[in-house]
Amino acid sequence: MYTPQFVSTPQSTEDRAWLPRAAELHRPLVRAAKLGMGNGMGYAVFGGLSLVFACLGLDIIGLILGAVLFGVGFYERAQSKRLLQADTAAPLRLACGELVLLGAIVLYGVLGLTVLPATSEVLKQQLGGTEGLGLDVLKLANSINTLWYTTAIATSLLYQGGMARYFLKRRSDMTRYLEEVPAWAREVVESMAK
């Protein structure tokens, strides 16, 4: 277990005032780290589940997406721990992880809208013919397919893009914390944040 390296508690009134200030300036980093840890856990769990289901169906795209989700999840958790310890590279690394996931989901959506076989083609093969159903099942299937991939892209742009922006904004919080708080006070606050 880590123990702080300082020998005695600061005695002056000015020194004692640094601890609440250090905790206040460290708080945005703690919030961002908690968010990153939760996000990373969610990504890792969904990535693991995606990998299991993709293996069962031998779905190559599902395997790739699952692996990306799984990897980004663990990467985000590791970088969140570094953020707690005021690692100046952590906010950018967290944002990059979100952007990698964003890129993978957008690529998946674009492939689904352009290259991958449409749901209607698979449905047509399975049903043989849809003329007797009284509605255009193939058109409905194509509409659902387009809606699915478009929604995946839009949601990812909003969520992963927003998260990347959020983590990048923590760089100013990090700079302020490192510039304003003496090293001994940062050590105390960071040891308590573990």
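**Notebook: helices, pocket and loops**

I call a crossing right-handed if the near helix is turned clockwise from the far one by less than a right angle, and left-handed if the turn is anticlockwise. The helices are DSSP runs of H or I with at least four residues, strands are runs of E with at least two, and both are numbered from the N terminus.

I note that this is a predicted model, in which local features need pLDDT of at least 70 and side-chain atom pairs count only at pLDDT 80 or more, while totals for chains, interfaces and linings use all residues. Residues are numbered from 1 along each chain as its sequence is written, and side-chain values use heavy atoms, with hydrogens and water left out.

**Entry: overall make-up**

I counted 6 helices and 0 strands in the protein. Along the sequence I read the pattern α-α-α-α-α-α. The protein has 194 residues, of which 35% count as buried. Here buried means under 20% relative accessible area, exposed means over 50%, and partly exposed lies in between, for a 1.4 Å probe and protein chains only.

**Entry: α1 and its partners**

I then looked up the axes of α1 and helix α6 (residues 183-192), which come within 9 Å and cross at roughly 55°. That angle makes α1 oblique to α6. The axes are lines fitted to C-alpha atoms, for helices over the stretch in contact, and the angles run from 0 to 180 degrees between N-to-C directions.

Ala22 is part of helix α1. I find Ala22 buried, because its relative accessibility is 0%. The C-alpha atoms of Ala22 and Arg186 are separated by 6.3 Å, although the two residues are 164 residues apart along the chain.

Helix α1 (residues 13-57) also packs with helix α2 (residues 60-84), at an angle of about 160° and with the axes 7 Å apart. That makes α1 roughly antiparallel to α2. Angles over 145 degrees count as roughly antiparallel, those under 35 as roughly parallel, those from 65 to 115 as roughly perpendicular, and the rest as oblique. I recorded this crossing of α1 past α2 as left-handed. The contact of α1 with α2 has 20 nonpolar, 11 polar and 3 charged residues. In this classing Ala, Val, Leu, Ile, Met, Phe, Trp, Tyr, Cys and Pro are nonpolar, Asp, Glu, Lys and Arg are charged, and the others, Gly among them, are polar.

**Entry: the largest pocket**

I looked up the largest pocket and found a volume of about 560 Å³. Its lining has 21 residues, and the closest to its centre are Leu65, Leu69, Ile105, Tyr108 and Trp148. The elements giving two or more residues to this lining are α1, α2, α3 (90-114) and α5 (137-180). The largest share, 8 residues, comes from α5. By class, the lining of the largest pocket divides into 13 nonpolar, 7 polar and 1 charged.

A pocket is an open set of points on a 1 Å grid over the protein atoms alone, where a 1.4 Å probe fits, with protein on both sides within 12 Å along at least five of seven lines; a cavity is a set from which the probe cannot get out, and lining residues have an atom within 4 Å of a point. Grid points are joined across faces, edges and corners, and a volume is the space filled by probe spheres set on the points.

**Entry: two loop residues**

In the loop between α1 and α2 I looked up Leu58. Leu58 is not a glycine, yet has a positive phi of about 50°. Leu58 counts as exposed because its relative accessibility is 71%.

In the loop between α2 and α3 I looked up Ala86. Ala86, also not a glycine, has a positive phi of about 60°. Ala86 counts as buried because its relative accessibility is 10%.
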